[in-house]
Amino acid sequence: TIDGGLRLTGEWNPIRMPEAIAQAQRAIALDPDLPIAYVSLSQARALARDFSGALVSARRCIDLAPND
């Protein structure tokens, strides 16, 4: 997600955010209490311009780990 937002390697960009979203959702399916997965999902959704979904994911991260 960070690579897509900052275009560090050139391999990821906002157009590929559905892939990043799918990867974050898979991480959440494997471990629903993993805060960083919700951070990644929130960032990917924001880059995909799904701001309400990004907010939901960010709030879930805060619920799990308020200090993250």
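Helix 3 is followed by arginine 49, and the phi of this residue is positive, near 70 degrees. Helices here are DSSP runs of H or I with at least four residues, numbered from the N terminus. The model is predicted: local features need pLDDT of at least 70, side-chain atom pairs count only at pLDDT 80 or more, and totals for chains, interfaces and linings use all residues. Residues are numbered from 1 along each chain as its sequence is written, and side-chain values use heavy atoms, with hydrogens and water left out.

Start with the length of helix 3. Its 13 residues should span 18 Å at 1.5 Å a residue; the expected span is 1.5 Å times one less than the number of residues. The end C-alpha atoms of helix 3 are 19 Å apart, which agrees.

Now look at what lies under the surface. Pro35, Ala37, Tyr38, Leu41, Ser42, Ala44 and Arg45 are the buried residues of helix 3. Buried means under 20% relative accessible area, exposed means over 50%, and partly exposed is in between (1.4 Å probe, protein chains only). These buried residues pack against helix 2 and helix 4 (51-64).

Helix 2 (residues 17-30) and helix 3 (residues 35-47) pack at about 160 degrees, and their axes are 9 Å apart. Helix 2 is therefore roughly antiparallel to helix 3. Axes are lines fitted to C-alpha atoms, for helices over the stretch in contact, and angles run from 0 to 180 degrees between N-to-C directions. Over 145 degrees counts as roughly antiparallel. On the helix 2 side, the contact (heavy atoms within 4.5 Å) is made by Met17, Ala20, Ile21, Ala24, Gln25, Ala27 and Ile28. Helix 3 brings Ala37, Tyr38, Ser40, Leu41, Ala44, Arg45 and Leu47. By class, the residues of this contact are eleven nonpolar, two polar and one charged.

Helix 4 is the other partner. Helix 3 and helix 4 pack at about 165 degrees, with axes 8 Å apart. So helix 3 is roughly antiparallel to helix 4. From helix 3, the contact uses Pro35, Tyr38, Val39, Leu41, Ser42, Arg45 and Ala46. From helix 4 come Phe51, Gly53, Ala54, Ser57, Ala58, Arg60, Cys61 and Leu64.

Finally, consider glutamine 43, which lies in helix 3. Glutamine 43 is partly exposed, with a relative accessible area of 35%. Leaving aside neighbours within four places in sequence, glutamine 43 is in contact with Thr1 and Ile2. Glutamine 43 and leucine 55 are twelve residues apart in sequence and 9.3 Å apart in space, C-alpha to C-alpha.

Note on methods: Helices (H or I, at least four residues) and strands (E, at least two) are DSSP runs, numbered from the N terminus. Angles under 35 degrees count as roughly parallel, over 145 as roughly antiparallel, 65 to 115 as roughly perpendicular and the rest as oblique. Ala, Val, Leu, Ile, Met, Phe, Trp, Tyr, Cys and Pro count as nonpolar, Asp, Glu, Lys and Arg as charged, and the others, Gly among them, as polar.
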